[in-house]
Amino acid sequence: MSVHDPLGSRGRWWRNDLRHGAATRHYLLLCVVAVVGCTVWWTRSGLRPGSETSVVLYCAQDQVIAEPLLAAFTRQTGIRVRAVFDSEAVKTVGLANRLLAERDHPVCDVFWGNEELRTRQLAAAGVFLATNGWSAFGHRSRQLVVHTQPPPFPAGPEKTVAFPPRRLTDLTNAAYRGRVSLAFPMFGTTATHLLVLRQHWGLSNWLTWCHALQSNAPFLEEGNSQVVRRVARGEAWVGLTDSDDILAAQREGLPVVAVLLGSESLLMPNTVALVAKPDGTPAAALRLFGYLQSEEVRQALTNCGALEADTPGGMVLLPDWDPILRHLEVATGQLGEVFRR
């Protein structure tokens, strides 16, 4: 059987070296080059097993907010953070699904969430360390947003609802048809809020409200910031969104104002968690886990509006998370049947 020699004359030179013992030196040199190359690749990728100088972070916090804090952590510790972010349209849910898919061969070391439900879902699935595996800090809240100028409601007896609305049931009034905006409620904080309302109102009342809201032709947006911008443009009269998105818009000078929801509002903490790894938790991950819970980070997030400085007055929703998690798949399916884009 003939064998193709891709090296041609160089192959004959190599075989001659073998007879004279010189190839051993060339072979060792190639091994050294290969090892050095692999080491550089692992280091640059941030995925070197057992690395104490890098950490992999899955981050649901907005990239523009998170990156300066992660850069400060690197300056303080020398530990490089390889961050994976998600889009606003599916954030937290997308990262949660990725962590579940990687559960048997985890890539992520630390998870930074921006709401509580998905963190609890992952903890229940055994994705995080069983003991002291995650923690919550700070909060944002769910609020309504309206334009600073009242909309042109009909005058007299035809005006069937007050403005601004104070309860979520107001959003199903015919006066708001085609004038309500909310993020697509299969993902993010909108999904969490509606799933908690399912528990608060009871299944029958919740389904009635969901169907009535969908029948009122709302705008279903890619994310909460788009909700606020549609209200600022006057295309929607009221939006259901997060406090940080309202504050960000106000800092840009957009003509919007928040309306507190009281007992129908939901506080949403940031969360940070350590992913369970077969070989144990790297020291770099422990340091990032502690840093993200620090007063330095909390204050920075508050200063930029990503967290609220004060807790809203009055009552807010207090979820019983265990039954919500047990019914999560069924409830999510019900949301998908009602809200379609």
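Buried means under 20% relative accessible area, exposed over 50% and partly exposed in between, with a 1.4 Å probe and protein chains only. Helices (H or I, at least four residues) and strands (E, at least two) are DSSP runs, numbered from the N terminus.

The model is predicted: local features need pLDDT of at least 70 and side-chain atom pairs pLDDT 80 or more, while totals for chains, interfaces and linings use all residues. Residues are numbered from 1 along each chain as its sequence is written, and side-chain values use heavy atoms, with hydrogens and water left out.

**Exercise 1.** Find the buried residues of helix α5 (residues 117-124).

Solution. Step 1: the buried residues of α5 are Leu117, Arg118, Thr119, Gln121 and Leu122. Step 2: look just past the helix, where Gly126 has a positive phi of about 80 degrees.

**Exercise 2.** Which residues have the most contacts inside the largest nonpolar core?

Solution. Step 1: a nonpolar core is a set of buried Ala, Val, Leu, Ile, Met, Phe, Trp, Tyr and Cys residues joined through side-chain atoms within 4.5 Å. Step 2: the largest one has 37 residues, and Leu144, Leu168, Leu194, Leu335 and Phe339 have the most contacts inside it. Step 3: find the main contributor; α6 gives the most, with 5 residues. Step 4: a second, separate core holds 26 residues, among them Leu57, Ile65, Leu69 and Leu274.

**Exercise 3.** How do helix α3 (residues 63-77) and helix α10 (residues 283-292) pack?

Solution. Step 1: axes are lines fitted to C-alpha atoms over the stretch in contact, and angles run from 0 to 180 degrees between N-to-C directions. Step 2: the angle is about 125 degrees and the axes are 11 Å apart. Step 3: under 35 degrees counts as roughly parallel, over 145 as roughly antiparallel, 65 to 115 as roughly perpendicular and the rest as oblique; α3 and α10 are therefore oblique to each other. Step 4: contact means heavy atoms within 4.5 Å; residues of α3 including Leu69 and Phe73 meet Ala284, Arg287, Leu288 and Tyr291 in α10.
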